[in-house]
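I opened a notebook for this structure and went through it topic by topic. My entries follow below.

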Amino acid sequence: MEYNFSKLEPKWQKYWEENKTFKTNDDFSKPKYYILDMFPYPSGAGLHVGHPEGYTATDILSRYKRMKGFNVLHPMGYDAFGLPAEQYAIQTGTHPATTTQKNCDNFRRQIKKIGLSYDWDREINTTDPKYVKWTQWIFKQLYNTWFDKDLKKGRPISELPIPEDIKAAGKKAVQEYIGEKRLAYYDNAQVWWCDSCKTVCANEEVLTDGSHEKCGHQVIRKNLKQWLLRIPHYAERLLEGLDDLDWPAGVKDMQRNWIGKSTGAEVDFEIDGLNKKLKVYTTRPDTLFGATYMVIAPEHELVNEIVTGDKKEAVENYIKTAALKSDLDRTDLAKEKTGVFTGRYAINPVNNKHIPIWVADYVLMGYGTGAIMAVPAHDTRDFEFAKEFNIPVICILDPKEAEEREAILSGNKCWTEDGEYINSASEKTGLNINGLNKSAGIKKTVTWLAEKGIGKATDNYKLRDWLFSRQRYWGEPFPVIHWEDGEVTLVEDNNLPLQLPELEKYTPGESGESPLSNAEEWLNVTDKNGRKGRRETNTMPQWAGSCWYYLRYIDPHNEESIFDVEKEQYWMPVDLYVGGAEHAVLHLLYSRFWHKVLYDLGIVSTSEPFQKLFNQGMILAFAYETATGAKVASDLVEEREGKYYHTETGEELRQIVAKMSKSLKNVVNPDDVIDKYGADSLRLYEMFMGPLDERKPWAENGVKGVYNFLNKAYYFFANTNNIVDGEEDKETIKLLHQTIQKVEHDIENLKFNTGISALMVFNNLAKKKGKVTRQTAETFAKILAPYAPHLAEELWSIYGNNKTLAYEPWPEVDESLLKENTHQYPVSFNGKMRFKLELPLDMPKDEIEKTVLANENAQKWIGDKTVRKFIFVPKKIINVVVG
RNA sequence: GCCCGGAUGGCGGAAUUGGUAGACGCGCUGGAUUCAAAAUCCAGUUCCGGCAACGGAGUGUGGGUUCGAUUCCCACUCCGGGUACCA
């Protein structure tokens, strides 16, 4: 009776498929549970061992919830637009759809081999025209929505009030006005361009080192006409919404940081000799008295007016140089501060002092107002700049006990912490905040500014408009036509989806033309009046399809609408969403934004899409490096007595943990693992490796470990000679119920590693006992089922059941069996455990004390010392303090 | 720099609200089985000393609170992730 997984597993996979065991019905009478995986990009390389990690976790929970009586929605699909298929098309001429189809088929085959309980009738694919139709439809909703700042919500563009003066200016002005309000708009934008991918990319896709997230090449700035989405309108809503979500704190933090809210004030400065005001944004209006100069960004619109005659040349040169610099150079912190004086002065409103206006590239046009007031005494950047250019430094916060107080007070050192205000009063203007603390100082100054009409409290966000178009072929076409008279119209709903044209060549243009501009026939359109137009040639980014896929699973075949209203109300929100942390600010922020727009429009019923989020940790691999840190491919490493050596040079190597990579030859393919050990072993090992949310290295010996467990479990539980009738042994039934409880608790908390350990412990005991009752065996099969479903189904059928155990009720824990009458107490002396003593749980404390102190073992530890204290914690510990 | 996370045997990792550190698995050691090996089974396995009983040390480092700290507090080191002239 051998554990023949290679026969047993396909048998049950076939059974599940033929019986549609995991087909989800929209039975609204049952409690629902929507459990979602981040769907994969079907790459040509096939599944990586990282995929089954999250997928197994959600599968265990799905199977468990079904047994608990829930109606479970657990679907799978493919995020199939993307560059690799297109690049392959450029090289070989194969249509990306063909490559994509092939890869999806391979992914499906691999996923099915793991025995995951998806409802395959709900499979979706973002490249499917039936899906694209609704992605384009959502784009149209975004285009036709404006954000009402008073109501703090998106509203249909038809409800946008048009000011009278705009109306009076004519149709074109009205169209322009509306265009400025739409959540999706087409305009010139300073964008990130990847010269390797020949496409633009979003801020979120540019890594810290200025490289493109997809390919690693440095991105550059370009000015191109692009589609953008006004996600900053939703900044506050996206921020507030985080509070009620059951998400990892780290991901919430990352989103908060990315949104980057800061609270401060806008202040208008008069410009000496110019009838204009210079508006700055500051988080510290209370430090106005310390403002000794101002800085405007080189791109600031007032630069040319501010600069005085004799400084014109110097300023122009500086602006030119700044424009040539790459953004990476400009934002390099190590760089020395540069800047030029404009020759003009602003008037500090709190004390009427004239302060010089400088142009410097450390002030960015994209944040705040592109102009700052500089307070060198209390801002390190301003201090650096002031020292470089000999600008006065006025200390306005007394550092009190600080070591270098004198240096700070005299303006020779920067002080960025709090203190009491000094030098912060002016008889001319009547403002005095001396002696106040920070919050009072801010409050008083802002009130004063507001009363004078020269400033007001404002919030600022780092979040920028989302660049939403790409110069690629393999993406959703925008349902947009640009007409020769300048009008822009959208493709009618009944003409959606707007499908991609067939192309001979997929190569993008050198300077940012999409490959679609080659599709003459598709491109040019004429309306019924003979007016000519061109279709939009950009396509949507890959994020578009993944922004809303969780909604389509609810009703994937609906051709009439995006989904059925009742079904959406039943299934949403997603109860648990599992995936990698790399999407913390990309997909997860974009999705939330779209969802909130759809919510405002009354299309979805929840304000947030994903109630609970869980990030699985990355699966790494052991790798080897020489003493100098050079990496060595795994096939050149041999192990001798626990040490590692280079097979060619004989050099001793160090074992490290690193990402799996082709070059290190340590990539693990799930297919190989399944062939060798079976799907249940793969599932079990990935869950047994360690906590789901931590990164951990793959070790094949670990797979052998769980394989041994399954082998032993099969050997014992599949042997009907070991399964008897009658009453269960006391120790066995007690452990069984402890195990049910532990496994249940651990599944609910996604702590699968310890749940598996509990199953192993029970298996070890059963084997030792040699016999269990049929009821025990069936219970064991049930609690094993979420983890190792193939083996569990096999055992279940061996016990004579002729239908799947997928919907068998989860075993109830019999609390009475878990009750203890005695407890084995560890007895400690001065905190050090010395011996154990079994005592009744109902024994009163004083009697326990007597019993313990009278104990022979205890006497040895007390000796001639005095018992100072006796600590007794019921069901925990006894500690005797002697001395 | 700032924000988050982590550090426990030879290895992956366990340890409800502070209460027996090292569950479970791997590896290793010894034994059984075998002509032999693999597989399997049994026993042992934190380190140091000891045949053992047992004793001492021990959860990155240094300090603190406590009868008692892997767990709480303070200061640091190292590793991972995010982010950065954001005013």
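**Loops and backbone**

I began at Leu 750, which lies in the loop between helix H24 (730-748) and H25; helices (H or I, at least four residues) and strands (E, at least two) are DSSP runs, numbered from the N terminus. Leu 750 has a positive phi of about 55 degrees although it is not a glycine. Buried means under 20% relative accessible area, exposed over 50%, and partly exposed in between (1.4 Å probe, protein chains only).

Before going on, I noted that this is a predicted model, where local features need pLDDT of at least 70, side-chain atom pairs count only at pLDDT 80 or more, and totals for chains, interfaces and linings use all residues. Residues are numbered from 1 along each chain as its sequence is written, chains are lettered from A and ligands numbered from 1 in the order in which they are written, and side-chain values use heavy atoms, with hydrogens and water left out.

I then checked Lys 152, in the loop between strand E5 (145-148) and strand E6 (153-156). Lys 152, not a glycine, also has a positive phi of about 55 degrees. Lys 152 is partly exposed, at a relative accessible area of 49%.

I found a cis peptide bond from Met 572 to Pro 573, with omega near 0 degrees. Pro 573 sits in the loop between helix H19 (565-571) and strand E24 (576-579).

**Core**

I looked up the largest nonpolar core, and it has 167 residues. Such a core is a set of buried Ala, Val, Leu, Ile, Met, Phe, Trp, Tyr and Cys residues joined through side-chain atoms within 4.5 Å. Tyr 34 is among those with the most contacts inside this core. I listed what Tyr 34 touches (heavy atoms within 4.5 Å); not counting residues up to four places away in sequence, the list includes Met 572 and Pro 573.

**RNA strand B**

How many residues surround RNA strand B? I noted 51, taking a residue as near if one of its heavy atoms lies within 4 Å of the strand. They divide into 21 nonpolar, 14 polar and 16 charged. Here Ala, Val, Leu, Ile, Met, Phe, Trp, Tyr, Cys and Pro count as nonpolar, Asp, Glu, Lys and Arg as charged, and the others, Gly among them, as polar. The largest share of this surface, seven residues, comes from H25.

I recorded two distances. An N or O atom in the side chain of Asn 764 is 3.2 Å from a phosphate oxygen of RNA strand B. For the side chain of Lys 836, an N or O atom is 3.0 Å from a base oxygen of RNA strand B.

Terms used
Polar contact = N/O pair within 3.5 Å; in protein donor to acceptor, adjacent residues only side chain to side chain.
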